[in-house]
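Subject: Structure handover

Hello,

Here is the structure I promised to pass on. Please open it alongside the notes below.

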Amino acid sequence: MADAVFLALTVITIGSAIAALEMRSLIYGSIALMGTLGGVAGFFFLLDAPFVALFQIAVYVGSIAVLILFTVMLVKRELIFKKIEDKRRKFAGIGLMLVFMVALGAVFLDSGIKTITTDEPAPDFRDIGIDFVTYYWPALILMGLILAGSVTGSLVLARREDVENDQRAN
Amino acid sequence: MSVIAPKFKLSEFIKSLLDNIFWIILLLVLIGVPAVFIILFVIPMPVIDGELLTPFLALTWLADPTRILPVVKAFMGTDIFRVMAFPGFGFAALLAAGTIFVERKMLAKLQLRVGPFYCGKFEGILQLMGDGLKLISKEIIIPAKADKPIFWAAPVLFVAAAAAFVAFIPVAPGWVVADVDLGLLGVFAVIGFFPIITILSAWSANSKFPFIGGIRALFQMVSFEIPLILSLLGVVMLTGSLNLSEIAASQSVFPWIVFLPVGAIVFFITMLAELERIPFDLPEAESEIVAGWLTELSGMMYGLVQLGTYLKLYAFAGLFVVLFLGGWNGPMIVPPFPAELLTTGITIGPITAGPFPGLPLFTQEMLNGTLMFVLKTAGVIFFILLPRGVFPRIRVDMLLNLGWSKLIGLAFVNIFIALGLLYAGVLGPGGLQ
């Protein structure tokens, strides 16, 4: 059962990733990207991590994909993309991907992942939370600072000085 | 006199209905019954209790409550019943339909109008049925340059997302469609789908008004999701659980609105914005952009979106009840089941009813919990409907300012109140609750 689900999720994830790259319509490409992110959420469900899976759906499918859709809808694609595409580039890309995947696969297989027992109970998210505030507290504070910094930075970037009356052209 | 059907007569309509019934019965007798008997002739029937199971015997058993009640009970324990009927879609759709009628009638009374009046003999009680018939019988028009697959899929997806939201709401102890450990996170994940569906539907119509409405809806929903999630963290901290049933059960003494009124207010305002209701109905602003992102939807597609909207309204009201008002907890006002109905039966005058050994289909706790939940939900829905009769629509910059600066700040205040209550020992181990 788990194997069949894993295969189906793999097909969905990789298939929609290829579709996201290859579709001519940018909107359909973003929808396919949503499928990819949803497939990754399915993998997290399969790995007994529903907490991560639901956040994957809420954040990536719910927010990131919406941002991408929104950007795509508001921008005329002829203005920002110049089509550079020929056979050689395509095959070079596919070859690069294959090399990358083989390298990653070798690293995974070498890491002893095959000897892990899979019948252990899933870790409770409360334990993860307790670990975060006790053993891993420096990492938590670092993450908090990075997030706060990025939020402040985005606010500074998005801030717009309203045009004052004396600055207006006569 | 309507122009479309100028020669409409009620008597003709009834005559056509009777005609149809006549033909159905005739065809059933001439073709259906012989077909059943031919099939019965071929299939070997089982022997139960020493008797051959004939159709007549099966019908006799169906009329016998001691035999049919266990079957009904077993059916009510199945997942199909939960999804389709009681805590799931049917129950929610019933409440949603009631909401639509009450909204129209109540708004009319608030604004000194009459409201639905002619459909049905009493106060337009059949208006909803008439609207439904009208929507079903209308032609579905698709704009010429619309993106057809997305345009068709969007209303269905909208109802599906709303139904998935409904599935998380616990109605009575143990009566919930999806009793998942991370129910509140599931709710957040489902809420995240609504902006996507809205903007896709708006874009695919290839028309200006829907697109403006869709972009407004996107702004509004995405920016109000943040205070929505933050305002619920206080409840999660006090309960120590993300399971909605556990959160409801934890409020047996005090509902959390007693301790977290700020969070409840923030959640209520974000709820109004997520539901696109007045004063936050910019996506549908009918006086500016026709009907917003619903402009190009016609016929039953529009009906589906309306159904989804009101299912979502019920689900949000139910979520408010579960998180802040104590869910199914409340005084026990449903009387206990009369025990003599199980053993001797009840005698009223010359008639003796019973005994029905399989009877109490629902326990007293379940009936009382459902009653309490429905009463509280109806109250919350009333307060959701009320601003529509009173407030004007606010501008989009005021809306975003409210969401991003004021509500997020108040949500953080709420989190600190919850933390303070926990660390001061008022709540939690050794505290009040």
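Helix H3 (residues 50-74) of chain A packs against helix H8 (residues 183-191) of chain B at about 20°, with the axes 8 Å apart. Helices are DSSP runs of H or I, at least four residues, and strands are runs of E, at least two, numbered from the N terminus. Axes are lines fitted to C-alpha atoms over the stretch in contact, and angles run from 0 to 180 degrees between N-to-C directions. H3(A) is therefore roughly parallel to H8(B) (angles under 35 degrees count as such).

This is a predicted model: local features need pLDDT of at least 70, side-chain atom pairs count only at pLDDT 80 or more, and totals for chains, interfaces and linings use all residues. Residues are numbered from 1 along each chain as its sequence is written, while chains are lettered from A and ligands numbered from 1 in the order written.

Which residues of H3(A) meet H8(B)? They are Phe51(A), Leu54(A), Ile57(A), Ala58(A) and Gly62(A). Their partners in H8(B) are Leu185(B), Gly186(B), Phe188(B) and Ala189(B). Contact means C-beta atoms, placed from the backbone, within 7 Å.

Now chain B. Its secondary structure comes to 16 helices and 4 strands. The C-alpha trace spans about 75 × 65 × 45 Å along its principal axes. Of its 433 residues, 36% count as buried (20 or more other C-beta atoms within 10 Å of a residue's own). Tyr314(B) touches Ala92(B), Leu95(B), Ala96(B), Thr99(B) and Val166(B), leaving aside residues up to four places away in sequence.

Best wishes

Note on methods:
Two residues are in contact if their C-beta atoms, placed from the backbone, lie within 7 Å. A residue is buried if 20 or more other C-beta atoms lie within 10 Å of its own, exposed if 12 or fewer, and partly exposed in between; C-beta atoms are placed from the backbone. Angles under 35 degrees count as roughly parallel, over 145 as roughly antiparallel, 65 to 115 as roughly perpendicular and the rest as oblique.
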